[in-house]
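This report covers a ligand site, then charged pairs, then aromatic rings. Please keep the structure open while reading.

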Amino acid sequence: MKTRTKAVVIGGGIAGCSTLYHLTQEGWTDVMLLERDELTSGTTWHSAAQVTNFGMNQTMVGLKSHSIALYKELAEDPDYPINYHHGDGGIRLANTEAQMDGYRHFASMARGMGVHFEVIDAEECARRHPLISTDNLIGGLWDPMDGDIDPAQLCQALARRARRAGAEVHRFTPVTGLRQLQDDTWIVETSKGEIHTDVVINACGYRVNEVGAMMGVHHPVMSMEHQYFITEEIPGIVQAGHRMPLLRCPISDYYCRQEKTGLLIGFYEQDCKTWGMDGIDPNFTMDLCPDDLDRITDVLEGAFERMPALTEVGIKTVVNGPITYTIDGAPLVGPIPGKRNAFCIIGLRAGLGEGGGHGWLLAQQIVHGEACYDTWVLDPRRFTGHGNVELCALKAIEDYQNEFRFHFPHEHRPAGRPAKTTPLTPVLAAEGAEFTVVNGWERMEFLKPAPDFHETLGFRFNEVFDIVARDVKAVSEGVGLAEVNGFNRYEITGADAHGFLDRMICGRVTRKPGKVGLGYLLNHHGMIKSEATIANLPASHRGPDRIWYGSAAAAEQHDMDWLTHHLRPGEDVQIRSLTNDMTILVLAGPKARDVLSAVSRGDWSADAFPWLSVREGLVGIAPATVMSVSFSGELAYEIHVPNNQLYAAYLALRKAGKAHGLHLFGARAIESMRMEKGYLHWKADLLTEFDPFETGLERFVKLDKADFIGKSALEARVAKGPARRLVTLRIDATDRPATPGSSVLAGDRVAGTVTSGDWGHRVGMNLAYAFVEPALAAPGTNLHLDLIGDRIAAEVIAPCPYDPQNHRVSG
Ligand SMILES: Cc1cc2nc3c(=O)[nH]c(=O)nc-3n(C[C@H](O)[C@H](O)[C@H](O)COP(=O)(O)OP(=O)(O)OC[C@H]3O[C@@H](n4cnc5c(N)ncnc54)[C@H](O)[C@@H]3O)c2cc1C
């Protein structure tokens with residue numbers, strides 16, 4: 001066993017084997033995999049190993065397509081062929097029209113990734129799967145590439161190819177400790193000695209936190225017991241003369257695939273069980289949990305009703321094994337928060353199908369710093385301080401109970417809520433607030449018209465349309481107040497602070513005291529990494545000259561890692577997070593200045609405090625830092641208040657606002673208004689797949705600056721010309737928004753993808769942003785969108801249809 005290497009992958013299940021193989025494919029061949037037992041001895045060996053192309057977003061669809069292509073290639077390798085049934089097809093069933101709309105949307109989204117799903121009716125489902133009844137069935141989604149693979153053969157094949165490329169694989173080599181050296185390389189302690197490596201990768205399945213603890217981190221990953229059984233031969237299968245398609249059933253919570261001449265059926269019972277929360281027996285390896293078929297009787301009944309043939313055959317084998325879950329159901333694949341040269345590929349609940357793709361995207365991140373797709377949906381930094389194992393257990397149970405019931409737009413399920421609150425949360429709840437969840441924070445969406453109000457979830461406009469219309473009208477004609485909590489905010493100080501930010505941001509960074517500016521951070525490939533509001537706070541009794549760096553709520557750990565990783569030795573820069581200490585109250589609308597002036601001394605006139613200014617003061621008795629910035633397109637103030645005086649500031653504003661008809665509004669109205677202004681959202685429209693020119697942000701780029709991160713790569717991209725362009729679309733539909741991910745069509749060709757969509761109440765237009773082929777980006781271009789299965793006309797319009805000259809923001 002060598003003692004110096006570039007990367008050590010810990011764990012030899014599908015996650016580890018795939019990562020190792022893909023590292024060699026990306027050019028790192030001096031790499032090792034360490035496995036405490038035999039390869040696949042964790043969860044992988046007993047997996048049902050279905051491989052679907054279905055995903056909830058384009059990154060997931062793309063990575064699953066990679067898995068399928070790779071597995072096909074491995075299966076056809078004459079030197080080491082493996083068993084992979086693909087192309088049997090699979091059906092996700094539905095018994096509600098809302099689910100069918102969802103499938104139509106996912107089909108539109110997948111089309112943009114070159115994947116062709118079909119939405120079929122109940123009769124067609126039964127024609128393709130002769131064992132099922134059509135009772136209580138409307139139809140389903142057909143995935144033509146669905147299949148299953150031999151998990152052990154798959155891992156052996158990947159390990160074999162990695163070895164051939166130069167990698168080492170050491171079985172029966174448990175990692176017992178990890179130490180990081182001054183230069184950020186690692187010492188990996190094993191039962192067979194120490195290895196010095198540049199990078200470590202945790203791929204330890206349900207033992208993720210044993211290895212996490214070795215590097216002082218705790219990952220929000222929880223295991224659930226999960227059972228399937230395999231039946232004896234079913235005559236209907238033998239008679240069919242073709243393999244049965246796979247089934248996934250959100251009606252009765254099971255999946256089913258053919259195994260030899262019987263069926264393998266896995267269950268997601270309501271009475272489910274977490275596993276290993278208080279530690280895992282070190283001898284649990286190549287092992288299973290005890291069978292417990294009593295637990296699944298509720299689900300079994302539904303499966304029997306759908307497939308009566310099941311009642312006529314016996315059960316051959318039962319498997320009950322641990323399967324890992326995260327807080328939002330998606331794995332954690334990427335850099336470990338707060339660490340350097342440390343990555344993870346953990347929390348895989350469908351790791352056999354996805355593992356090929358996850359290892360591919362992770363290897364790209366390790367070797368090149370970024371993957372070909374934006375990987376935020378997988379990024380381990382997307383959960384911040386609240387992401388502990390107890391919350392994860394609650395969400396894992398909820399997720400398990402709803403395994404095939406996808407989340408609708410705006411759906412936030414109740415388990416583990418509230419996780420993060422401010423002193424205003426109960427106050428707004430008492431006012432009748434409906435909340436959304438942003439990085440764990442409960443953020444008000446709108447005020448419910450009645451206490452028992454429930455939004456109809458789906459892919460069409462619903463009752464909330466009129467509520468948002470009311471909120472937007474109140475803000476644009478009078479004044480509104482909204483709490484924006486969790487907004488990420490760092491205080492940056494030190495003599496080199498501005499120079500540092502100048503290097504991090506691709507545009508000019510304002511240095512003027514009392515001024516606010518917007519900047520974009522690029523990665524080393526010249527693509528958009530982050531968006532930051534930079535505010536220069538002059539020295540005061542609250543502190544010395546300071547810069548406030550503000551970014552999206554979810555960016556808290558992401559941006560901190562990016563900034564701190566780029567600090568140079570000896571640079572006089574200190575970065576302190578204020579994210580959890582402060583909250584923003586947004587005062588917006590033509591009467592916002594009147595309300596602010598009534599509660600805060602000083603001259604708030606447009607001359608004394610113009611747009612893009614920052615000033616410290618008091619709002620009532622609460623210390624506040626006020627910025628004249630606007631995400632709504634109206635005259636607006638962001639009032640940043642310490643949480644311990646937030647309620648005081650709120651009361652003062654409410655009292656002063658009474659005379660002006662102050663109206664509480666929330667995130668839904670903000671979303672609608674920002675669409676009319678051409679403002680973009682991080683990780684919806686601002687993605688690492690596009691550079692700032694493609695994203696329409698050229699005015700924020702200064703290529704004549706001495707240097708900034710990503711400059712040379714961006715120059716090369718600019719010379720080549722854009723691959724896509726972000727456009728604003730006006731859509732010819734009044735009953736549905738353009739859900740992100742929907743395909744843009746030019747004729748029958750997919751020519752782009754929607755990133756955001758909502759109704760613009762002030763302009764009376766159904767609006768969307770989409771990245772499209774550059775030749776289609778000119779205003780006036782006529783296109784179509786595939787919106788929940790219908791072809792809807794759309795026209796490219798100039799960005800910012802509401803007050804394009806920004807007269808209103810100055811008041
Ligand atoms: C019953 C069941 C059915 C399933 N069906 C499907 C399905 O149909 N399709 C699908 O895609 N997925 C399915 N899954 C999920 C899938 O099997 C898992 O997502 C996948 O196997 C996880 O792989 P992994 O590599 O992350 O973890 P594991 O397979 O658990 O591998 C982790 C490895 O790390 C090793 N390790 C741990 N600690 C150390 C250490 N300190 N040093 C060295 N090595 C260490 C372990 O020994 C283990 O081999 C199923 C799971 C279960 C339980």
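## Basis

Helices (H or I, at least four residues) and strands (E, at least two) are DSSP runs, numbered from the N terminus. The model is predicted: local features need pLDDT of at least 70, side-chain atom pairs count only at pLDDT 80 or more, and totals for chains, interfaces and linings use all residues. Residue numbers start from 1 along each chain as its sequence is written, and side-chain values use heavy atoms, with hydrogens and water left out.

## The ligand shell

The shell has 37 residues, and Glu 35, Thr 44, Gln 50, Leu 348 and Gly 353 come nearest. Four elements each supply at least two shell residues: α1 (14-25), β13 (222-231), β18 (315-325) and α9 (351-368). By class, the shell holds 18 nonpolar, 15 polar and 4 charged residues. Here Ala, Val, Leu, Ile, Met, Phe, Trp, Tyr, Cys and Pro count as nonpolar, Asp, Glu, Lys and Arg as charged, and the others, Gly among them, as polar.

Where does the backbone approach an oxygen atom of the ligand? At Ala 15, a backbone N or O atom lies 3.0 Å from a ligand oxygen. A backbone N or O atom of Ala 49 lies 3.0 Å from an oxygen of the ligand. For Leu 352, the backbone N or O distance to a ligand oxygen is 3.0 Å. On its own the ligand has 1000 Å² of accessible area, and the protein covers 97% of that (Shrake-Rupley method, 1.4 Å probe).

## Salt bridges across the chain

Side chains of opposite charge can pair when their charged atoms come close. A salt bridge is a side-chain nitrogen of Lys or Arg within 4 Å of a carboxyl oxygen of Asp or Glu. The count comes to 60 salt bridges. One of them joins Asp 148 and Arg 257, at 3.4 Å from N to O. This pair links distant parts of the chain: strand β8 (residues 147-149) holds Asp 148, strand β15 (residues 254-259) holds Arg 257, and the two residues are 109 residues apart. Asp 148 and Arg 257 are buried (under 20% relative accessible area; exposed is over 50%, partly exposed in between, with a 1.4 Å probe and protein chains only).

Arg 405 pairs with Asp 253, with the closest N and O atoms 3.0 Å apart. Arg 405 sits in the loop between α10 (389-401) and α11 (425-431), and Asp 253 in the loop between β14 (246-249) and β15, so the bridge ties together parts 152 residues apart in sequence. Arg 405 is partly exposed, at 24% relative accessible area. Asp 253 is buried, at 8%.

Glu 455 and Arg 668 meet at 2.7 Å, N to O, in another salt bridge. Glu 455 lies in the loop between β22 (441-447) and α12 (464-477), Arg 668 in helix α17 (residues 667-677), 213 residues apart. Glu 455 is buried at 16%. Arg 668 is buried at 8%. Elsewhere, salt bridges with shared partners join Asp 101, Arg 104, Arg 460, Asp 735, Arg 736 and Asp 790 into one network.

## Aromatic pairs

Rings of Phe, Tyr and Trp (its six-membered ring) pair if their centres lie within 6.5 Å; planes under 30 degrees apart count as stacked, over 60 as edge-to-face and the rest as tilted. The whole structure has 31 aromatic pairs. Phe 446 and Phe 453 are edge-to-face because their planes stand at 90 degrees, with ring centres 5.9 Å apart. Phe 446 is buried at 0% relative accessible area, and Phe 453 is buried at 11%.

Which residues do ring pairs link into a cluster? They are Phe 54, Tyr 103, Phe 106, Phe 117, Phe 406, Phe 408 and Phe 459.

Terms used. A residue is near a molecule or strand if one of its heavy atoms lies within 4 Å of it. A polar contact is a pair of N or O atoms within 3.5 Å; within protein, one must be able to donate a hydrogen and the other to accept it, and residues adjacent in sequence count only if both atoms are side-chain atoms.
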